[in-house]
Amino acid sequence: MKFLANVSSITPFKAPKASASLKAIFFDIDGTLIDRRGGPYSEDVAAMQKAVSLGHLLFINTGRSFANIPACILDLPVWKGIAAGGGAHVLLRSPEEPGGGNTGYRTIYHKWVPQKPLKKICSWYLENNRQLVLEGEKECYLICPSPRSFSIRTPIIIKDMDGINNIFADDYITKLTVNGSVTKAEFEILWNFFKVNAFSDYAEAIIKGESKAKGIKIILKAAGIKRKNSIALGDSANDLDMIRYAGLGVAMGNASSLLKAAADAVTAACGEGGAARMLEKYVL
């Protein structure tokens with residue numbers, strides 16, 4: 001199976017060389033910076049802003065596609081880049097570009113699902129009346145709506161194959177989200193093209209060969225920062241590869257036991273200053 005890839009001609013930025021202690025810090029979103037109670041939390045944001053003022057580079061590293069990153073996170077003026085879709089879409093800002101919002105980013109790496117396998121998958125979900133969220137670069141799309149859509153904004157409803165064909169006119173799908181537990185039939189339709197991460201009430205399908213660790217690797221190379229000077233912070237099983245890859249892998253206090261066991265350190269929980277405590281101890 002060959003996936004289409006688009007690598008832009010952006011000139012990779014080089015991090016300042018004034019300090020050998022400069023860090024590239026990668027943040028998961030859900031369960032790390034925000035949770036069902038709210039966020040991002042002021043204590044964490046203040047520490048992140050202080051880290052930026054000292055010259056450190058902060059990045060989002062999320063399973064969400066670019067179109068599905070919450071504005072409350074994207075609008076923070078601290079980010080120098082994003083690894084979205086579980087590493088399938090990597091975007092950077094140049095050092096002189098101000099942070100905040102969804103503009104000013106340039107794609108340096110992007111893989112998406114080709115039309116043929118995506119049409120086959122969508123056809124199955126339409127025929128079996130099962131919910132599927134298609135997370136794209138520009139929008140999110142939904143097959144068989146239900147009370148939970150897993151999308152931060154109102155998704156475009158796909159009612160038939162004509163709707164699927166319209167997606168390919170100007171968007172690219174980098175990740176799928178399945179409502180509820182993945183059935184055997186669903187797994188069989190997905191596994192050729194995706195790595196499926198199952199959670200208690202949903203599952204995410206990440207393009208095979210892509211990972212949060214790969215996203216870090218691409219960004220570090222573009223930024224000219226050594227792996228040993230990278231830090232990753234996350235909370236769930238889909239953060240495992242980036243926690244293991246980073247020079248320092250830190251698990252949230254609310255992280256799964258599997259992630260805590262793999263991490264180099266454990267900080268406080270989301271909403272209890274977890275990100276701030278990590279930055280204060282290892283960066284500030």
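**Ground rules**

I number residues from 1 along each chain as its sequence is written, and side-chain values use heavy atoms, with hydrogens and water left out. Since this is a predicted model, local features need pLDDT of at least 70 and side-chain atom pairs count only at pLDDT 80 or more, while totals for chains, interfaces and linings use all residues.

My helices (H or I, at least four residues) and strands (E, at least two) are DSSP runs, numbered from the N terminus. I call two strands paired if DSSP finds at least two bridges between them.

**Entry 1**

Six strands form an open sheet, running 9-8-7-10-12-11, with mixed pairing. Strand 9 (156-158) and strand 11 (194-198) are at the edges and have a single partner strand each, so one side of each is left without a neighbour in the sheet. On average, neighbouring strands here are turned by 25° against each other, direction ignored; the axes behind that angle are lines fitted to C-alpha atoms (for helices over the stretch in contact), and angles run from 0 to 180 degrees between N-to-C directions.

Then I zoomed in on one pair in this sheet. Strand 7 (residues 132-136) and strand 10 (residues 173-179) run antiparallel and are joined by five bridges. Leucine 134 has leucine 176 in strand 10 as its bridge partner.

**Entry 2: salt bridges**

My cut-off: a side-chain nitrogen of Lys or Arg within 4 Å of a carboxyl oxygen of Asp or Glu. By that rule I get twelve salt bridges. For accessibility, buried is under 20% relative accessible area, exposed is over 50%, and partly exposed is in between (1.4 Å probe, protein chains only).

Which residue does glutamate 186 form a salt bridge with? The partner is arginine 130, with the closest N and O atoms 2.6 Å apart. This pair links distant parts of the chain: glutamate 186 is in helix 5 (residues 184-190), arginine 130 is in the loop between helix 3 (115-127) and strand 7, and they are 56 residues apart. Glutamate 186 is buried at 0% relative accessibility, whereas arginine 130, at 24%, is partly exposed.

Glutamate 135 and lysine 175 also form a salt bridge, their closest N and O atoms being 3.4 Å apart. That one connects strand 7, which holds glutamate 135, to strand 10, which holds lysine 175, across 40 residues of chain. Are these two buried or exposed? Both glutamate 135 and lysine 175 are buried.

I also noted a network: Asp28, Lys212 and Asp239 are joined by salt bridges that share partners.

Arginine 37 forms a salt bridge with aspartate 35, with 2.7 Å between the closest N and O atoms. Arginine 37 is exposed at 60% relative accessibility, while aspartate 35 is partly exposed at 24%.

**Entry 3: strand 14 and its neighbours**

Strand 14 (248-251) is covered on both faces: Leu248 and Val250 on one side, Gly249 and Ala251 on the other, all buried. Strand 13 runs parallel to strand 14, with four bridges joining them, and isoleucine 231 stands opposite leucine 248. Right-handed here means that, with the strands pointing away from the viewer, the path from the first strand over the helix to the second runs clockwise.

Strand 14 is also joined to strand 15 (residues 265-266) by two bridges, again parallel. The bridge partner of alanine 251 in strand 15 is valine 266. Strand 14, helix 8 (residues 257-262) and strand 15 make up a right-handed β-α-β unit.

**Entry 4: what covers helix 9**

In helix 9 (residues 274-282) I find Gly274, Ala275, Ala276, Met278 and Leu279 buried. What covers them includes strand 2 (24-27), helix 1 (42-53), strand 13 (230-234) and strand 14, where contact means heavy atoms within 4.5 Å.

**Entry 5: strand 5**

Strand 4 (residues 79-84) pairs antiparallel with strand 5 over four bridges. Their hairpin has four residues between the strands, and glycine 85 takes a positive phi near 60° there.

Strand 5 also pairs antiparallel with strand 6 (residues 106-112), over four bridges. Leucine 91 stands opposite isoleucine 82 of strand 4 and opposite threonine 107 in strand 6.
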